[in-house]
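Please read it beside the sequence and structure shown below.

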Amino acid sequence: MYSPSNTDKNSVLAKAFLNSAERLGMTLNQMATTLRISPGELTVNEFGIDPDSEQGKRALSLVRISIALEMLNGGDVQMIHHFMHNKNLLTGGIPVEQVQHPEGLVQVLEFVEAIPANI
């Protein structure tokens, strides 16, 4: 039976985070701020994120936001970008700015994951 190593898990989470952040329309600086690292660390080929770390929890939250938004609108990137880059009264701010701070990340995640339950 195959058991992925920590390096595999770290690499998978890093790739998922980068792909999700890109789909959400985030800049390199915004991604780095969300993870609390320097932008240069994101460009290293061997970049990994430990899923059990605080950084990993933030990365997983962003991935979950991306997945929830894609499920809500069928993957329409323009709609995702509109949601992320415009003021939202229900999240209390501009989501792309909010997700760069731990409290805002939680607010946006809770909002997008609660929407399907209310539809």
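Among contacts in the chain between residues at least 6 apart in sequence, what percentage join residues at least 24 apart? The figure is 55%. The model discussed here is predicted. Its secondary structure comes to 7 helices and 0 strands, and 37% of the 119 residues in the chain are buried.

**Overall architecture**

- Read from the N terminus, the order of elements is α-α-α-α-α-α-α.
- The chain has an accessible surface of about 7,100 Å², and carbon and sulfur atoms account for 55% of that surface.

**Salt bridges**

- In one of them, the side chains of arginine 23 and glutamate 70 meet at 2.3 Å, N to O. Because arginine 23 belongs to helix 1 (residues 6–23) and glutamate 70 to helix 4 (residues 54–73), this pair ties together parts that are 47 residues apart in sequence.
- Arginine 23 has a relative accessible area of 30% and is therefore partly exposed. Glutamate 70, with a relative accessible area of 26%, is also partly exposed.
- Another salt bridge joins glutamate 113 to arginine 64, with the closest N and O atoms 2.5 Å apart. Glutamate 113 is located in helix 7 (residues 102–118) and arginine 64 in helix 4, so the pair connects parts that are 49 residues apart in sequence.
- The relative accessible area is 35% for glutamate 113, which is partly exposed. Arginine 64 is partly exposed as well, at 39%.
- A salt bridge is also formed by the side chains of glutamate 54 and lysine 57, at 3.5 Å, N to O. Both residues lie in helix 4, where they are 3 residues apart, about one turn of the helix.
- Lysine 57 counts as partly exposed, its relative accessibility being 44%.

**Aromatic pair**

- The count of aromatic pairs comes to 1. The partners are phenylalanine 83 and phenylalanine 111, which are stacked, with 6.1 Å from centre to centre and 5 degrees between the planes.
- This pair links distant parts of the chain, since phenylalanine 83 is in helix 5 (residues 77–85) and phenylalanine 111 is in helix 7, 28 residues apart.
- Phenylalanine 83 and phenylalanine 111 are both buried.

**Helix 2 and its end**

- Helix 2 covers residues 28–35, and its buried residues are Gln30, Met31, Ala32, Thr34 and Leu35.

**Glutamine 98**

- Glutamine 98 is placed in helix 6, which spans residues 95–98.
- Is glutamine 98 buried or exposed? Its relative accessible area is 8%, and the limit for a buried residue is under 20%, so glutamine 98 is buried.
- Leaving aside residues up to four places away in sequence, glutamine 98 touches Thr91, Gly92, Gly93, Gly104, Leu105, Gln107 and Val108.

Methods: Residues are numbered from 1 along each chain as its sequence is written. This is a predicted model: local features need pLDDT of at least 70, side-chain atom pairs count only at pLDDT 80 or more; totals for chains, interfaces and linings use all residues. Side-chain values use heavy atoms; hydrogens and water are left out. Buried means under 20% relative accessible area, exposed over 50%, partly exposed in between (1.4 Å probe, protein chains only). Helices (H or I, at least four residues) and strands (E, at least two) are DSSP runs, numbered from the N terminus. Contact means heavy atoms within 4.5 Å. Accessible areas come from the Shrake-Rupley method with a 1.4 Å probe; for residues, only the protein chains shown count as cover. A salt bridge is a side-chain nitrogen of Lys or Arg within 4 Å of a carboxyl oxygen of Asp or Glu. Rings of Phe, Tyr and Trp (its six-membered ring) pair if their centres lie within 6.5 Å; planes under 30 degrees apart count as stacked, over 60 as edge-to-face and the rest as tilted.
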